Amino acid sequence: MAAIAFIGLGNMGEPMAANLVKAGHRVVGFDLVSESRDAAKTNGVTIAGSARAAVTNADVIITMLPIGRHVVSVWTDVMPVVTRGALMIDCSTIDVESARRVHMLAARASLHSVDAPVSGGVAGARDATLTFMAGGEVESFEAAKPFLEAMGKKIIHCGRDGAGQAAKICNNMILGVSMIAVGEAFVLAEKLGLSRQALFDVASTASGQCWSLTSYCPVPGLVPTSPANNDYKPGFASAMMLKDLTLAQEAAKSTGAVTPLGQHAQDIYKAFDAAGNGGVDFSGIIRHIRALAEN
Ligand code: NAD
């Protein structure tokens with residue numbers, strides 16, 4: 001069993017660290033927030049006084065932090081005390097450029113590193129059913145795989161450094177665009193006098209079929225697990241979707257890709273967020289679309 005340092009014990013990191021403990025690893029964690037530290041402690045994580053203290057003597061170092069700036073700062077801070085031969089894994093969703101930067105920091109210290117952002121949300125983190133999209137050398141990926149398997153059920157090697165982050169933002173750009181499209185279709189159906197059930201029965205088995213419709217339908221009463229049945233409580237908050245769409249647009253700009261629908265989706269979620277809906281599930285965007293029709 002390995003000695004694991006886990007930095008960032010928030011909504012995702014705390015249950016992920018708890019699953020590593022359940023798998024028999026010795027986990028030493030650190031977070032800036034005392035509530036997060038306390039929650040992790042009750043689930044068997046030993047709490048260190050700093051990120052540096054947590055990584056000292058660790059075989060594996062995992063970070064689960066909000067954005068790229070935090071990951072670069074923590075990796076830079078701990079690097080001088082990381083044990084030779086340790087494996088560095090970042091599971092946060094961050095920009096590809098920062099991901100490549102921290103891979104470089106690890107390479108300079110002759111450490112293996114993997115970017116491994118996740119999909120599956122807080123429920124997936126709790127139930128150890130996350131999907132990991134990983135980037136890095138094959139050898140680093142193989143070394144990381146058993147640890148990722150303790151926290152998830154699908155582990156995909158997407159390519160070299162930063163490829164996990166690239167897969168994550170491309171996937172979530174599809175998700176943001178498709179959720180808006182499904183919302184628009186239901187609002188149009190309402191205007192046409194077509195029942196929700198009829199649109200669902202047709203589109204869910206026809207060419208309009210997609211995850212946003214069949215697994216996460218934005219109108220209530222059709223898919224039991226949809227946040228629409230729970231007043232759009234997240235789930236996956238709109239602020240998170242806006243963050244991922246913004247990362248996709250930054251990546252498009254820096255690479256010269258042209259993504260007009262991704263851009264438009266970002267604008268729509270930006271307006272939704274600015275109206276105070278950042279904490280609403282991202283499928284609640286249908287309310288914004290309906291309100292546009294009423295103005
Ligand atoms: P969160 O804000 O709940 O947790 C992040 C934690 O990092 C916080 O507890 C914060 O105190 C801690 N932190 C920040 N800077 C730190 C530092 N320097 N040292 C130690 N701790 C520090 O966020 P989350 O929901 O757990 O998300 C984490 C990452 O996972 C994000 O990149 C997010 O985009 C991604 N993600 C989240 C979800 C989700 O549904 N919540 C789903 C997929 C991916």
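By class, the shell around the ligand is made up of 15 nonpolar, nine polar and two charged residues. Here nonpolar means Ala, Val, Leu, Ile, Met, Phe, Trp, Tyr, Cys and Pro, charged means Asp, Glu, Lys and Arg, and the others, Gly among them, count as polar. Bear in mind that this is a predicted model, where local features need pLDDT of at least 70, side-chain atom pairs count only at pLDDT 80 or more, and totals for chains, interfaces and linings use all residues. Residues are numbered from 1 along each chain as its sequence is written.

Of the 26 residues around the ligand, the ones that come nearest are Gly 8, Gly 10, Asn 11, Met 12 and Thr 93. To be near, a residue needs its C-beta atom, placed from the backbone, within 6 Å of the molecule. Helix H4 (68–78), helix H6 (121–127) and helix H11 (238–255) are the elements that give two or more residues to this shell. Helices (H or I, at least four residues) and strands (E, at least two) are DSSP runs, numbered from the N terminus.

The domain assignment of the protein chain gives domain 1 (3–160) and domain 2 (166–294); such bounds come from an automatic or database domain assignment. The contact between them takes eight residues from domain 1 and 10 residues from domain 2, with contact meaning C-beta atoms, placed from the backbone, within 7 Å. On the domain 1 side, the touching residues split into four nonpolar, three polar and one charged. The C-alpha centres of the two domains lie 29 Å apart. The ligand shell draws at least three residues from each domain.

What does UniProt mark as "active site"? In the unreviewed entry, that annotation covers Lys 168; such annotations may be inferred rather than shown by experiment, and positions are given in the numbering used here, with feature names shortened. Lys 168 is found in helix H8 (residues 163–192). Leaving out residues up to four places away in sequence, Lys 168 touches Thr 93, Pro 117 and Met 133. Thr 93 also turns up among the residues that come nearest to the ligand.

Is Lys 168 buried or exposed? Lys 168 counts as buried because 28 other C-beta atoms lie within 10 Å. The cut-offs are 20 or more other C-beta atoms within 10 Å for buried, 12 or fewer for exposed, and partly exposed in between, with C-beta atoms placed from the backbone.

The largest nonpolar core has 92 residues, and Phe 6, Ile 61 and Ile 89 have the most contacts inside it. Such a core is a set of buried Ala, Val, Leu, Ile, Met, Phe, Trp, Tyr and Cys residues joined through C-beta atoms within 7 Å. H8 supplies the largest share of this core, 12 residues. Ile 89 touches, among others, Val 60, Val 114 and Phe 147, not counting residues up to four places away in sequence.

Now for the backbone. Most residues other than glycine have a negative phi, and most peptide bonds are trans.

| Residue | Phi | C-beta atoms within 10 Å |
|---|---|---|
| Asn 57 | near 75° | 14 other C-beta atoms, partly exposed |
| Ala 128 | near 60° | 19 other C-beta atoms, partly exposed |

Asn 57 is in the loop between helix H3 (51–55) and strand S4 (60–63), while Ala 128 lies in the loop between H6 and strand S8 (130–135). The peptide bond from Pro 234 to Gly 235 is cis, with omega near 15°.

Key: Contact = placed C-beta atoms within 7 Å.
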